[in-house]
Amino acid sequence: MLEIRHLETLCAIRDTGSLQEAAERLYVTQSALSHQIRDLEVRLKLKLLNRRTRPARLTTAALRIIALADDILPRIKNTERELQRLSSGRTGRLHVAIDCHSCFQWLMPALDKFRQDWPDVSLDLSAAFSFAPLPALLRGDLDVVITSDPKDLPGVTYVPLFRYELVLAVSSGHPLAQYRYIEATQLSDQTLISYPVERNRLDVFTQFLDPAGIEPLHIRQAELTPMIMQLVASHRGVTALPNWALSEFTHSGWLRTIKLGEHGIWRNLYAALRDEDHDSDYIQAFLEQARKTCFATLNNIEEAYPVSF
């Protein structure tokens with residue numbers, strides 16, 4: 001029964017104190033305004049104006065509607081302004097989740113630069129280690145997911161970021177340090193140090209160990225890359241990480257990196273987003289900035305391949 005025009009009309013009557021001035025504010029005739037009020041009174045079966053007084057007074061029912069209007073109308077106006085800004089492509093929401101611990105190394109600088117260029121975009125970053133990020137993307141909880149494990153989901157587009165090699169990191173005194181590459185069986189008597197995520201989300205298992213049916217002797221977990229490297233340096237185990245994530249440690253004398261398999265294991269990193277957001281100006285700007293930052297700051301990465309299922 002209630003329409004936005006009714007809320008605006010009653011607020012105008014309250015603010016101006018007369019039907020004539022309210023009609024002028026709303027750019028209608030006083031007759032049309034009176035007709036609108038009478039029509040609403042018929043619908044509600046309630047009086048909204050006490051016409052026995054001069055000027056006419058708002059009734060309790062009218063004041064109740066005005067209380068609603070004071071809450072609703074500003075929110076409508078704010079949403080209209082936001083939609084206008086959205087239509088111009090300068091504002092929106094960018095909630096990003098990363099599916100890999102080491103991505104912080106390049107993503108934070110990319111987000112900092114993006115924030116400077118697009119200050120009106122609401123920006124948020126989360127780590128997708130404790131939830132399934134792609135279903136959250138489809139639900140609208142997220143806008144971009146950084147992942148190396150694309151799934152064939154209707155409505156999801158994968159934009160290639162870069163290609164990297166997964167390598168084994170060992171201390172220089174480790175028995176495996178002498179090899180140019182290793183086979184999966186050579187990890188069967190090793191302690192493998194990994195991030196604290198499910199093994200089906202770790203490339204060293206899904207791409208190297210599991211296909212060969214090999215299980216490491218022990219699995220140890222650590223939250224941060226520097227913590228993992230400290231454990232490797234102190235001969236507590238070995239780890240498999242992206243080559244670019246090890247760049248800050250490769251100049252030290254204690255680290256050796258080894259290929260996983262004769263030809264190595266190469267993975268593609270993608271930005272997953274909803275199909276309908278692919279052409280959004282600010283999302284395209286973020287993807288462009290992300291790629292630019294990656295190739296400017298990371299070593300030993302290559303152009304990624306388009307996803308194929």
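This is a predicted model: local features need pLDDT of at least 70, side-chain atom pairs count only at pLDDT 80 or more; totals for chains, interfaces and linings use all residues.
On the H5 side, the contact is made by Trp106, Leu107, Pro109, Ala110, Leu111, Lys113, Phe114 and Asp117. These residues meet Tyr282, Ala285, Phe286, Gln289, Ala290, Thr293, Cys294 and Thr297 in H9.

Glutamine 289, located in helix H9, is one of the residues in this contact. With residues up to four places away in sequence not counted, glutamine 289 touches Ala110, Lys113, Phe114 and Asp117. The relative accessibility of glutamine 289 is 14%, so this residue counts as buried.

The crossing of H1 and H3 is left-handed. Arg5, His6, Thr9, Leu10 and Ile13 are the H1 residues in contact, and they meet Leu33, Gln36, Ile37, Leu40 and Arg43 in H3.

Aromatic rings form 7 pairs in the structure. The rings of phenylalanine 114 and tryptophan 118 are stacked, because their centres are 6.2 Å apart and their planes stand at 15 degrees. Phenylalanine 114 is buried, with a relative accessible area of 2%. Tryptophan 118 is also buried, and its relative accessible area is 12%. Elsewhere among the aromatic residues, ring pairs join Trp106, Phe162, Tyr164 and Trp244 into a cluster. Of these residues, Trp106 also takes part in the contact between H5 and H9.

Several loop positions were also examined. A relative accessible area of 41% makes aspartate 120 partly exposed. The C-alpha atoms of aspartate 120 and arginine 93 are 8.9 Å apart, while the two residues are separated by 27 residues in sequence. Glycine 253 occupies the loop between strand E10 (238-242) and strand E11 (255-260), and counts as exposed at 55% relative accessibility. Between glycine 253 and serine 172, the separation is 81 residues in sequence and 7.2 Å in space, C-alpha to C-alpha.

Most residues other than glycine have a negative phi. Lysine 45 has a positive phi, near 60 degrees, and lies in the loop between H3 and strand E1 (49-50). Lysine 45 counts as exposed, at 75% relative accessibility. Histidine 235, likewise not a glycine, has a positive phi of about 65 degrees. The loop between helix H8 (225-233) and E10 holds histidine 235, which is exposed at 54% relative accessibility.

The mean pLDDT of the protein is 90, and 97% of the residues reach 70 or more. Among the elements, the lowest mean pLDDT, 86, belongs to helix H4 (residues 60-87). Strand E7 (residues 181-182) has the highest, at 97.

Notes
Residues are numbered from 1 along each chain as its sequence is written. Side-chain values use heavy atoms; hydrogens and water are left out. Rings of Phe, Tyr and Trp (its six-membered ring) pair if their centres lie within 6.5 Å; planes under 30 degrees apart count as stacked, over 60 as edge-to-face and the rest as tilted. Buried means under 20% relative accessible area, exposed over 50%, partly exposed in between (1.4 Å probe, protein chains only). pLDDT is the predictor's confidence in each residue, from 0 to 100. Helices (H or I, at least four residues) and strands (E, at least two) are DSSP runs, numbered from the N terminus. Contact means heavy atoms within 4.5 Å. A crossing is left-handed if the near helix is turned anticlockwise from the far one by less than a right angle, and right-handed if clockwise.
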